[in-house]
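Subject: Structure for you to look at

Hello,

Here is the structure I said I would pass on.

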Amino acid sequence: VYYFDLDNFKFANDKYGHQCGDLILTSFAKRLSAKFKQHNCFRLGGDEFIAFCNDDSPNLNELREYLTADMREFQVSVSIGIAPICAEQDPDTILHNADQNMYVDKSHKADRSKASF
């Protein structure tokens, strides 16, 4: 399970307007659906999404670049968390693990920002 949270979305939505915010969400959803297939992608609410995939060794930097290509001008990026699906775990635990891993990725946002300049 992949867990996605758009970084700085509220800032962009407030600064550029709700119409721009809607375009950012739509663009992200389209790219997410193209990458993971529409039937594997879900919006949890706000600026949080999940996707299901069997990729064992994802390149998160490439994925992040692809998913946010249309948003950079608005200073929006994405934090990504991954959790394996285990038959022994209930779905809420798996989703919670992916969410926690997304927060670990989010804590490294400053490092990613420095590397992109």
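Buried here means under 20% relative accessible area, exposed means over 50%, and partly exposed is in between. Aspartate 105, with a relative accessible area of 13%, is therefore buried. Please keep in mind that this is a predicted model.

Salt bridges

How many salt bridges does a search of the whole structure find? The search gives six. As background, side chains of opposite charge can pair when their charged atoms come close.

Aspartate 105 is part of one such pair: its side chain meets that of arginine 64 in a salt bridge of 2.9 Å, N to O. This pair links distant parts of the chain, as aspartate 105 is in helix 4 and arginine 64 is in helix 3, 41 residues apart. Arginine 64 has a relative accessible area of 7%, so this residue is buried too.

Another salt bridge joins the side chains of lysine 106 and aspartate 5, at 2.5 Å from N to O. Lysine 106 counts as partly exposed because its relative accessibility is 23%. Aspartate 5, at 9%, is buried.

Lysine 10 is exposed, since its relative accessibility is 59%.

In soluble globular proteins, nonpolar side chains tend to be buried together. The largest nonpolar core in this model has 21 residues, and the ones that touch the most other members are Phe4, Leu6, Ile24, Phe28, Leu32 and Phe36. Two or more residues of this core come from each of strand 1, helix 1, helix 2 (18–36), strand 3 (48–51), helix 3 (60–67) and strand 4. Helix 2 gives the largest share, six residues. Another core lies apart from this one; it has seven residues, including Val1, Ile50, Ala83 and Ile94.

Phenylalanine 9

Phenylalanine 9 is in helix 1, residues 9–16. Is phenylalanine 9 buried or exposed? Its relative accessible area is 11%, so it is buried. If neighbours within four places in sequence are left aside, phenylalanine 9 is in contact with Gly21, Ile24, Leu25, Asp47 and Val76. Alanine 87 is 78 residues from phenylalanine 9 in sequence, and their C-alpha atoms are 34 Å apart.

A nonpolar patch on the surface

Phe42, Phe52 and Ile85 make a nonpolar surface patch of about 280 Å². Isoleucine 85 is in the loop between strand 4 (77–82) and helix 4 (91–107). With a relative accessible area of 55%, isoleucine 85 is exposed.

Regards

Notes
Residues numbered from 1 in each chain as written. Predicted model: local features only at pLDDT ≥ 70, side-chain atom pairs only at ≥ 80, totals over all residues. Heavy atoms only, no water. Patch = residues over 30% accessible without salt bridge, like charges linked within 9 Å, V, L, I, M, F, W, Y side chains within 5 Å. Areas by Shrake-Rupley, 256 points an atom, 1.4 Å probe, with all protein chains shown as cover. Salt bridge = Lys/Arg side-chain N within 4 Å of Asp/Glu carboxyl O. Helix = DSSP H or I, 4+ residues; strand = E, 2+ residues; numbered from the N terminus. Buried < 20%, exposed > 50% of the residue type's maximum accessible area, 1.4 Å probe, protein only. Contact = heavy atoms within 4.5 Å. Core = buried A, V, L, I, M, F, W, Y, C linked by side-chain atoms within 4.5 Å.
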